[in-house]
Amino acid sequence: MMQWSMRISAYSERLLQGLKTLDWPQPLKDSQEYWIGKSQGAQVRFNVEGHDEIVEVFTTRPDTIFGATFMVLAPENPLVETITTAEQKAEVDSYIEETSKKTERDRMADVKNVSGAFTGSYALNPFSGEKMPIYISDYVLMGYGTGAVMAVPAHDERDHRFAKKFNLEIKKVVETDEDVQEASFDSKDSVCVNSDFLNGLNYNDAKALIISAIEKKGIGHGTTNYRQRDAIFSRQRYWGEPVPIYYKDGMPYTLPTSALPLELPEVEKYLPTEDGDPPLGNAKVFAWDEANQKVVDTNLIDEKTVFPLELSTMPGWAGSSWYFLRYMDPKNDEVFAKKELSDYWGQVDLYIGGSEHATGHLLYSRFWNMFLKDRGYINQDEPFQKLINQGMILGMSAFVTRYGVSYKAVSEDGLDFITVPVTFYVSKNRLNNFSDIQNIYLEKAKQNLLVHNGYNKDKKYSIEIIIETSNTQNIHVDISLLKGTSDELDTEAFKAWRPDYADAEFILEDGKYITGREVEKMSKSKYNVVNPDDIVAQFGADTFRMYEMFLGPIEMSKPWDTKGIEGVHRFLKKMWRLYFDEQRGWIVTDDTATEPELRALHKTIKKITEDIERFSFNTCVSQFMICVNELATLNCHKREILEKLAVLICPFAPHFAEELWHQFGHSSSVVAADFPRYEEKYVVENSKMYPVAVNGKTRVELEFPLDMEQASIEKEVLADPTIIKWLEGKAPKKVIYVKGKMINVVV
RNA sequence: GCCCUGGUGGCGAAACUGGUAGACGCGCAGGACUUAAAAUCCUGUUUGCAGCAAUGCAAGUGCGGGUUCAAGUCCCGCCUGGGGCACCA
């Protein structure tokens with residue numbers, strides 16, 4: 001099938017180099033770097049004995065060429081056809097047939113399963129002069145390098161496995177004590193042996209020397225390879241941007257700019273055509289009239305002036321790679337964004353997204369951006385200068401345990417056997433100890449026996465043994481069946497939940513059924529989904545927003561736990577009470593703020609300002625709590641403090657801040673207010689309570705002025721009774737004094 | 001297999017450049033206000049030992065070593081949860 005591809009591989013090196021300029025998480029950069037997969041080595045041509053054909057290989061280890069004892073081609077390599085000998089043809093053909101049936105997934109699945117076939121031909125090692133049998137095997141991929149490798153079994157794991165399987169020579173060319181007959185030794189930290197003029201050279205020197213030798217011989221050259229492939233751009237589905245291309249004599253032509261954008265045609269069904277064409281093949285009006293320059297009825301196609309349009313559509317990333325540029329100038333009919341505007345807005349300042357886009361969207365988007373820059377449409381090399389990965393909010397699944405035990409009832413005369421199953425839903429902590437609940441099961445087994453249809457009431461039975469205990473099932477239950485925010489199951493609700501559970505019987509602990517809890521992705525099938533709308537309805541959007549921030553660092557995944565939300569809600573109510581009294585209403589005064597009040601405020605301004613910069617929102621919320629606790633203790637209701645505090649909290653609780661701001665008499669929005677500035681003078685202290693340690697263990701706290709000389713501090717520290725006690729009469733070796741931090745006396 | 005990430009109280013977490021581990025919040029326990037409840041406020045809450053108590057001592061950040069006056073933080077070797085990639089020569 002003919003497919004459109006984006007030649008992203010032409011940008012591999014720039015995409016790799018560009019990573020150095022980005023403020024992105026290292027793991028994300030690593031995975032792009034790995035995906036691009038740059039490797040440096042050499043391309044080398046090998047002569048084939050008795051043929052004019054040559055086999056060209058790519059290798060990153062040309063320094064091990066003296067250890068290359070055989071050759072492996074990809075089964076799809078066109079050379080296979082010509083070099084396979086008559087005797088080997090049947091074997092090779094059947095191997096190709098076999099591998100072509102395997103899907104790529106199958107191929108990957110049995111990495112350990114070595115397979116291949118001998119072509120019957122030999123290549124000649126240009127340096128050792130040895131004959132190298134040529135094999136084919138599916139561990140060599142046609143799509144990478146040249147689709148052929150020189151196999152160095154002593155120093156490559158895959159080649160080693162292959163050599164073992166087909167009994168091929170393994171020749172050590174890198175110094176090591178390991179037995180290369182047993183396992184390959186793949187280190188790059190190596191020195192050449194058995195390699196003629198390379199002997200004694202390390203990896204880097206040997207590589208440089210052999211590449212120049214290869215070039216001198218005229219059989220190859222040093223080269224760089226990228227693992228990254230071109231990206232298939234065609235999609236055989238309806239929804240997507242149509243490709244503005246028409247075909248004339250089988251050749252593609254672009255539509256004129258005036259015909260753009262080419263819109264999706266109407267179709268009756270979004271399915272492929274009977275001939276197997278994509279859904280656009282069903283369109284009635286989707287042909288290009290070259291003479292009249294417009295899209296016309298498909299029936300009019302005559303291949304003279306009316307031609308068929310491309311039927312495949314573009315993939316999702318055709319749009320997702322550059323939509324943000326359009327945001328800069330959304331109403332422009334001429335271009336996607338006027339250059340002056342995209343220059344003005346520049347790059348996306350901050351991109352928050354998941355790391356799952358590492359090798360897809362985020363790479364395509366960079367590529368696309370570079371291309372647009374090369375064409376002169378925009379000015380930035382990179383679309384997203386700063387990027388952070390947010391963690392996922394996970395669900396807290398709940399489980400009940402259905403625990404089944406079978407008993408064997410034997411009649412007194414030993415003639416009748418009845419199997420009596422007993423099943424209970426067992427509360428979490430009673431499950432650990434079966435002997436504890438054994439009697440409950442046994443009692444139930446006796447009851448069940450009496451109603452068993454095999455039961456003969458004229459006989460006496462003894463219930464003996466458990467014949468099966470393995471019937472334990474953990475069943476997801478909907479978290480709405482829990483009581484409040486606890487782990488306790490509402491057993492009646494559970495019974496009503498599903499007909500299967502209507503007759504459920506429980507073994508409780510302290511009168512409660514406690515479910516097992518586990519952190520999993522939120523998913524309907526796991527019944528652990530918490531709907532934000534419900535939380536917002538109950539607590540308000542500000543509480544919800546702040547609680548999400550308070551949960552922990554933004555880049556970490558964490559379970560949603562509704563329990564803690566009360567704390568944030570209480571905090572907002574407490575802060576509100578600094579401004580409002582239930583009876584008296586607005587209680588903010590114009591009194592002058594005191595030193596402790598100003599210190600509380602400015603400590604907070606400092607922390608919030610710094611923590612916002614490093615995206616540490618959870619610690620911001622903590623600081624607000626500390627501040628409000630302090631102001632409440634100080635009984636502070638002063639405008640000088642509280643007005644700034646309201647602005648400060650605006651990014652965290654915007655509705656709340658807006659309301660307070662208006663109460664202060666402002667008519668404009670709080671978002672337009674100046675963000676409070678930290679002033680150091682309110683926070684500086686001139687003394688510090690120092691932890692004083694003896695040999696690293698803190699023993700006492702002593703207060704000293706910050707500008708006190710070390711010598712005087714030492715004198716006072718050594719005179720302190722607690723320190724004297726811990727010195728036990730020994731003379732201190734030295735005293736470590738870190739200004740503003742701590743003091744340590746070393747004995 | 002390879003790459004990345006995390007592991008700190010009963011729980012979510014804090015400790016930014018090595019410098020008082022557990023801030024802040026939840027939960028729990030006790031108390032105040034109230035006829036009662038809600039709301040609110042106060043006290044305690046890492047563990048162990050001693051003490052009526054204030055307090056004191058010891059241990060403690062997944063495990064084992066190391067560097068340092070000082071390690072949750074740095075180094076070496078492991079264990080373990082999560083995510084991604086996977087025959088790329």
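This note goes through the predicted model point by point, from overall form to local details.

1. Overall form. Chain A has 747 residues, and its radius of gyration is 38 Å, well over the 27 Å that the globule rule gives for that number, so the chain is more spread out than a compact globule. Along the principal axes, the C-alpha trace spans about 100 × 95 × 85 Å.

2. Secondary structure and burial. The chain contains 22 helices and 28 strands. Of its 747 residues, 42% are buried.

3. Salt bridges, in general. The structure holds 31 salt bridges. Three of these pairs are taken up below, with the accessibility of each partner.

4. D374 and R14. These two side chains form a salt bridge with an N to O distance of 2.7 Å. D374 belongs to helix α11 (residues 361-374) and R14 to helix α1 (residues 12-18), so the contact ties together parts that are 360 residues apart in sequence. D374 is partly exposed, at 41% relative accessibility. R14 is also partly exposed, with a value of 34%.

5. D156 and R158. The closest N and O atoms of this salt bridge are 2.8 Å apart. The two partners fall into separate accessibility classes. D156 has a relative accessibility of 16% and counts as buried, because buried means under 20%. R158, with a relative accessible area of 43%, is partly exposed.

6. K606 and E610. The side chains of this pair meet in a salt bridge at 3.5 Å, N to O. Both residues are in helix α17 (residues 595-613), and because they are four residues apart there, about one helical turn separates them. K606 is partly exposed at 32% relative accessibility, and E610 is partly exposed at 42%.

7. L645. This leucine lies in helix α19 (residues 639-648). Its relative accessibility is 0%, which means that L645 counts as buried. L645 and C627 are 18 residues apart in sequence, and their C-alpha atoms are 9.3 Å apart in space.

8. Backbone points to check by eye. Most residues other than glycine have a negative phi, and most peptide bonds are trans.

9. L260-P261. The peptide bond joining L260 and P261 is cis, with omega about -5°. P261 is placed in the loop between β11 (251-254) and β12 (285-289).

10. D196. Phi of D196 is near 55°, a positive value in a residue other than glycine. D196 is in the loop between α6 and α7, and at 55% relative accessibility D196 counts as exposed.

11. E303. Here too phi is positive in a residue other than glycine, near 65°. E303 is found in the loop between β13 (294-297) and β14 (306-308). With a relative accessible area of 43%, E303 is partly exposed.

Methods: Residues are numbered from 1 along each chain as its sequence is written. Chains are lettered from A and ligands numbered from 1 in the order in which they are written. This is a predicted model: local features need pLDDT of at least 70, side-chain atom pairs count only at pLDDT 80 or more; totals for chains, interfaces and linings use all residues. Side-chain values use heavy atoms; hydrogens and water are left out. Helices (H or I, at least four residues) and strands (E, at least two) are DSSP runs, numbered from the N terminus. The radius of gyration is taken over C-alpha atoms; the globule rule is 2.2 Å times the number of residues to the power 0.38. Buried means under 20% relative accessible area, exposed over 50%, partly exposed in between (1.4 Å probe, protein chains only). A salt bridge is a side-chain nitrogen of Lys or Arg within 4 Å of a carboxyl oxygen of Asp or Glu.
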